[in-house]
Structure formats: C-alpha cells, structure tokens
Amino acid sequence: MTREANDHSGVLKLSAVLADALRQRDAYTRLHSDRVMALANGIGVALGLSRNELHVLELGASLHDIGKIVVPDVVLMKPGKLDDAEMSVMQSHPSVGGDLMAAYEHPRSELVSKVIRHHHEWFDGSGYPDKLAGDGIPLLARIVTLVDNYDAMAVRRVYQGARPHTEIMQIMDLESGTKLDPDLFACFTRVIEKPEYAEFKATGN
C-alpha cells in the first residue's frame, strides 16, 4: 500500500472514531454521515473528479457534522424549533468542525477543512458561516451541501418526519439556484436513480 493510501486510510479510521464519539450522543449523525459520504462519492464519480478530489470529498463528507460534538444535547436533540440563541449555537458546528480538521497534521487537512466549514453555505450567498456564493463555495462543499439536504429530509428526526423521495426532489428542485447548485442538482437527479444507490433513496418511512 502506498504512503498516500495509508494516510487516507488512517484519516478515515480517525473519522470513524470521531463519528463514533458523536454517535454516543446522537446515533442519527453517524449513520447520516455514512449515507452522505456514499452519495457524495456517487456525484464525484459522475463528475469525473480525480482520485485526490474523491479522497478529500470522502473525508469531508464523513466528517461534515463533527463540529456538532460541541453542541449541547438540549440543542442537538431538541424536538421542536430552535430559538435564535439555540440556532446560533447549532450554526457554529461547521466552523468548529473545520477548525478541528485544520489543526490535524495531514496533507489534505486544509482542503477537507474547507468542505466541512462551507457545507452550509447557500448558492445564493445567504448561508453560513461566511456567506459565500456560487463558485466561491468550494465544489466539494457544494456536493456535500446537496446530499446533506437530501438525507436530512429522507430520514425521521426528533423534530420532523421522513419525506418520500418524490417530495424531497420537488423541494430540492425549488431550492436549486438559491440553496443548491443547479448543475450539481441535475447531476444528483441522475445519480440517485442508479441501482447501486437504491438503499439511500428515501421511502418516507
């Protein structure tokens, strides 16, 4: 195995350890990250990304919610709508996660950090934490944003029920160009219909 492969494998193992730590508080988050990682990879392959880009995407998708490890349970697991103060705490998780990854000594840490930090930016610039817009948002972060949104609606949460695939795609179509990158959404509509991703397709249950 090459040093590059060893490094990548090592970070994936570290991400699994960190995700398992978070899962002790919120089982949904670990499974969610696994599904986001798989679907993000599907988009990356469809786009013809390089092996290095796919590695960064895999790590960023795997760790995109790791910043939630500092979010208090009363906020993370609240069954109702968050108030302004609670929302502010929740919205800190991308920057916290990005900083955690940036501090890790690894050749791809800076690139992975940007995926994590910017996965809640909106295509129209109204997201957070840095109000980036369009191509100013790193491509890999835009991919994670897309699949993160899909999976968040596909699975039952403490504060909302699961939606069926057709309804989710209709919502995302309306958000295309504002919240989501329209070109990536077009790619996702093809990827999610492939047989190898059938297990990740929402059923509404």
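Biologist: Is Ser95 buried or exposed?
Modeller: In this predicted model, Ser95 counts as buried, because its relative accessibility is 18% and the cut-off for buried is under 20%.

Biologist: Where is Ser95 found?
Modeller: Ser95 belongs to helix H6, which covers residues 93-102.

Biologist: And which residues does Ser95 touch?
Modeller: Leaving aside residues up to four places away in sequence, Ser95 touches Arg117 and Pro129.

Biologist: Let us turn to the whole protein. How many helices and strands does the protein have?
Modeller: There are 10 helices and 0 strands. Along the sequence, the pattern therefore reads α-α-α-α-α-α-α-α-α-α, where helices and strands are taken as DSSP runs.

Biologist: What share of the residues is buried?
Modeller: Of the 205 residues in the protein, 46% are buried.

Biologist: What part of the contacts comes from residues 24 or more positions apart?
Modeller: Among contacts with a separation of 6 or more, residues 24 or more positions apart account for 65%.

Biologist: Now a pair of helices. At roughly what angle do the axes of H9 and H10 cross?
Modeller: The axes of helix H9 (residues 165-175) and helix H10 (residues 182-191) cross at roughly 165 degrees, and they come within 10 Å. That angle makes H9 roughly antiparallel to H10, because angles over 145 degrees are placed in that class.

Biologist: Why give both an angle and a distance?
Modeller: Two packed helices are described by the angle between their axes together with the distance between those axes.

Biologist: Is the crossing of H9 and H10 left-handed or right-handed?
Modeller: The crossing in which H9 passes H10 is left-handed.

Biologist: Which residues make the contact?
Modeller: Helix H9 contributes Met169, Met172 and Asp173, while helix H10 contributes Phe185, Phe188 and Thr189. Sorted by class, this contact of H9 with H10 has 4 nonpolar, 1 polar and 1 charged residues.

Biologist: One more residue. Where does Ala162 lie?
Modeller: Ala162 lies in the loop between helix H8 (139-154) and H9.

Biologist: What separates the C-alpha atoms of Ala162 and Ala152?
Modeller: Their C-alpha atoms are separated by 8.4 Å, and the two residues are 10 residues apart along the chain.

Conventions: Residues numbered from 1 in each chain as written. Predicted model: local features only at pLDDT ≥ 70, side-chain atom pairs only at ≥ 80, totals over all residues. Heavy atoms only, no water. Helix = DSSP H or I, 4+ residues; strand = E, 2+ residues; numbered from the N terminus. Buried < 20%, exposed > 50% of the residue type's maximum accessible area, 1.4 Å probe, protein only. Contact = heavy atoms within 4.5 Å. Axes fitted to C-alpha atoms, helices over the stretch in contact; angles between N-to-C directions. Parallel < 35°, antiparallel > 145°, perpendicular 65-115°, else oblique. Left-handed = near helix turned anticlockwise from the far one by under 90°. Nonpolar A, V, L, I, M, F, W, Y, C, P; charged D, E, K, R; others polar.
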